[in-house]
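Me: I'm new to this one. Can you walk me through it?

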Amino acid sequence: QYRCRSAFKLLEIDDKLCVLRPGFSVLDCGAAPGAWSQVAVERVNALGTDAAVPTGFVLGVDLLRISPLEGAVFLSETDMAEPSTLRAIQSLLPLGKADVILSDMAPNATGIKELDHQKLIRLCLGLLDIAQSILKPKGTMLCKFWDGSEARLLQNRLKEQFQDVRTIKPQASRKDSAESYYLARLYRGK
Ligand code: SAM
């Protein structure tokens, strides 16, 4: 009953690498139609279903409309690249902070591979700026990228700011050959 097959990518990553834990606050960027947020709601116990563990929080942001989801808060029709978005996010996150930033964002593909690649890298770099304001020390960022000339640049930036950075190619995205994820953990903070 996931809204989109992309859920299985996050489930696979989380099963292997334990990104989401009960009680965590999660920012899900590029959240529409909401499948990653569904996974996050379950894994951080955002509904408080399990009384034995802490209750987490999920905030999803997308350019598109996202249908309501129990346990998640959504900022629909909102551009992560817009400067005013940071304040909106800060006002909605508990104490203005996130333990985990997820990004499955993807710009509308032009079909020009290098251009699409660069647009997505820009989005990820912009997110890294936002992380400075909202990500807790030792926090995690998981972001999708498309292979290309600037992937290394993004990886190097992540390595400056996180102690542990790895590249992940989920089984569930095999068919999309250009797509990978960087999982950056142990944010050094500022
Ligand atoms: N993870 C989602 C799920 O499981 O339902 C699927 C995400 S879909 C692959 C990529 C999304 O990124 C699209 O909905 C798109 O609107 C969004 N997106 C692209 N650029 C964005 C931006 N600048 N700000 C917010 N969302 C953006």
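Predicted model: local features only at pLDDT ≥ 70, side-chain atom pairs only at ≥ 80, totals over all residues.

Me: How many residues surround the ligand, and which are closest?
Reply: The ligand has 19 residues around it; the closest are Ser6, Ala35, Asp62, Asp79 and Asp104. A residue is near if one of its heavy atoms lies within 4 Å.

Me: What classes of residue are in that shell?
Reply: The shell has 11 nonpolar, 4 polar and 4 charged residues. Ala, Val, Leu, Ile, Met, Phe, Trp, Tyr, Cys and Pro count as nonpolar, Asp, Glu, Lys and Arg as charged, and the others, Gly among them, as polar.

Me: Where is Asp62 relative to the ligand?
Reply: An N or O atom in the Asp62 side chain is 2.6 Å from a ligand oxygen atom. A polar contact is a pair of N or O atoms within 3.5 Å.

Me: And what about the backbone of Ala106?
Reply: A backbone N or O atom of Ala106 lies 3.4 Å from an oxygen atom of the ligand. The protein buries 87% of the 610 Å² that the ligand exposes when taken alone. Those areas come from the Shrake-Rupley method with a 1.4 Å probe.

Me: New topic. What volume does the largest pocket have?
Reply: About 490 Å³, which is the space filled by probe spheres set on the grid points. The lining has 24 residues, with Gly30, Asp62, Leu63, Met105 and Ala106 nearest the centre. A pocket is an open set of points on a 1 Å grid, where a 1.4 Å probe fits, with protein on both sides within 12 Å along at least five of seven lines; lining residues have an atom within 4 Å of a point.

Me: On to the backbone. Which residues does the cis peptide bond join?
Reply: Ala32 and Pro33, with omega about 0°.

Me: What is phi for Glu77?
Reply: Near 50°, a positive value in a residue other than glycine.

Definitions and conventions
Residues numbered from 1 in each chain as written. Heavy atoms only, no water. Polar contact = N/O pair within 3.5 Å; in protein donor to acceptor, adjacent residues only side chain to side chain.
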